[in-house]
Amino acid sequence: MRIILIGYGVIGQSLTKILLRRSPETVKDYGLNPKIVAIVDRGGAVINSKGLNLEKMLALKTSKGTVAADREFGHPQMSPLAVIESVEGEVMVEATPTNVKNGEPGLSHIKTAFKTGKHVVTTNKGPLALALPALTELADYNKVYLRFSGTVGGGTPVLEFAKKCLSGDKIVAIHGILNGTTNYILTEMDEKHVPFKQALESAQKLGYAETDPSMDIDGIDPACKVVIMANWIMNKKFTLKDVNVQGIRGVTPQALEKASKKGNTIKLIGSIDDSPKVAPTEIAKHDPLCVSGVLNAVTFVSEFAGEETIIGRGAGGMETASAVLRDLLDIRHNLATKLLT
Ligand SMILES: NC(=O)c1ccc[n+]([C@@H]2O[C@H](COP(=O)([O-])OP(=O)(O)OC[C@H]3O[C@@H](n4cnc5c(N)ncnc54)[C@H](OP(=O)(O)O)[C@@H]3O)[C@@H](O)[C@H]2O)c1
């Protein structure tokens, strides 16, 4: 499997680290022999149709800041679109920054990959939140796969759990803590009785929150995940504009204390039942969904199996890259099965 990797930050580099460690087993156990033939960052591209030396790529990125600095195979300033169009490969992995205004540059990368017959694995939520129904159609039209397990739950297999383990049952509602940063802030406020601003500063100090934390605290990041789950698991045709979103800026220590007296707490819950929404919500402290710190948790309410909750770390480089590898294996499995039938 020849892979074109667009974006070589935390996720892209973690993927190359995992492939270095796991490739002998993926070949032996699953028949997957992944070969990265191109990597693109903001400095340009590095391309080798025989497969890049991943140890060298990691060292080069650290020492020179861009993989395009490779003397033999580097192409400074070469654009991602030119690489996707001109380099032969089976899969494009998209790991550029999330943009929920217009989905770019990821949206164009994904569309171009489809048009050139490449399967796509993305960790970038932006294009999916804005255009998942259209992208699914485009993938079908071009007879390629679109996979995105790393966009919800990091390495925790939230999407697969619902789609594969609960297949046959009907999922009627989903409720989840889908963002580790806001969960850390609310946990701090509840346990240490500190105001929102102080808890946010603590999250920033620990590297859990960005300098501009609005994607998390205004609920946009969990809303993107609500869209992805609604489409993938419940066959709804939602995009981000359909989600009613409220963040956590208005949650006070007083409200948390009041909830606590009833044995409850306040969590930022993304839910899909009648309509998709994200809002601070009072839940019982003994509810399995009520996880603390940066953990994520999702409860699926299904017609026959009842309520099932999956809990895990919702982000992280190696965690999310492990989801990318899972998607690559899934694509490999589907292609192999198709060949047999
Ligand atoms: N980190 C996580 O835990 C996590 C978890 C789940 C999902 N995600 C999602 O995965 C994606 C990647 O996250 P990350 O943490 O790896 O981000 P990151 O560390 O900021 O890396 C982004 C990469 O994209 C490259 N890039 C930016 N603009 C580009 C452009 N126009 N053309 C080509 N390359 C471009 C950057 O190039 P330079 O290296 O030259 O700057 C960098 O290599 C994001 O959408 C994020 O939301 C991340």
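User: What is the volume of the largest cavity here?

Analyst: About 30 Å³. A cavity is a set of points on a 1 Å grid over the protein atoms alone where a 1.4 Å probe fits but cannot get out. Grid points are joined across faces, edges and corners, and the volume is the space filled by probe spheres set on them. Searching the whole structure turns up one cavity of 30 Å³ or more. Keep in mind that this is a predicted model: local features need pLDDT of at least 70, side-chain atom pairs count only at pLDDT 80 or more, and totals for chains, interfaces and linings use all residues. Residues are numbered from 1 along each chain as its sequence is written, and side-chain values use heavy atoms, with hydrogens and water left out.

User: Which residues line the largest cavity?

Analyst: Lining residues have an atom within 4 Å of a grid point. Here they are Met189, Asp190, His193, Pro253, Leu256, Glu257 and Ser260. Helices (H or I, at least four residues) and strands (E, at least two) are DSSP runs, numbered from the N terminus.

User: How does the lining of the largest cavity divide by class?

Analyst: Into three nonpolar, two polar and two charged residues. The classes are simple: Ala, Val, Leu, Ile, Met, Phe, Trp, Tyr, Cys and Pro are nonpolar, Asp, Glu, Lys and Arg are charged, and the others, Gly among them, are polar.

User: Now pockets. How much space lies in the largest pocket?

Analyst: A pocket is an open set of grid points with protein on both sides within 12 Å along at least five of seven lines. The largest pocket holds about 1500 Å³. Its lining runs to 49 residues, with Val10, Ile11, Thr98, Lys125 and Glu210 lying nearest the centre. Elements supplying at least two lining residues include helix H1 (10–30), strand S2 (35–41) and helix H12 (317–340). By class, that lining has 15 nonpolar, 24 polar and ten charged residues.

User: Where does the ligand sit?

Analyst: In the largest pocket. The test is that more than half of the molecule's atoms lie within 2 Å of the grid points.

User: Which side chain has a polar atom 2.7 Å from a ligand oxygen?

Analyst: Lys61. A polar contact is a pair of N or O atoms within 3.5 Å; within protein, one must be able to donate a hydrogen and the other to accept it, and residues adjacent in sequence count only if both atoms are side-chain atoms. Thr98 places a polar side-chain atom 2.8 Å from an oxygen of the ligand, and a side-chain N or O atom of Thr123 is likewise 2.8 Å from a ligand oxygen. On its own the ligand exposes 910 Å², and the protein buries 76% of that; these areas come from the Shrake-Rupley method with a 1.4 Å probe, and for residues only the protein chains shown count as cover.

User: How much space lies in the second largest pocket?

Analyst: About 300 Å³. Of its 19 lining residues, Thr136, Asp140, Leu146, Arg147 and Trp232 are closest to the centre. Helix H5 (125–141), strand S7 (146–147) and H10 each give two or more, and H5 gives the most, five residues.
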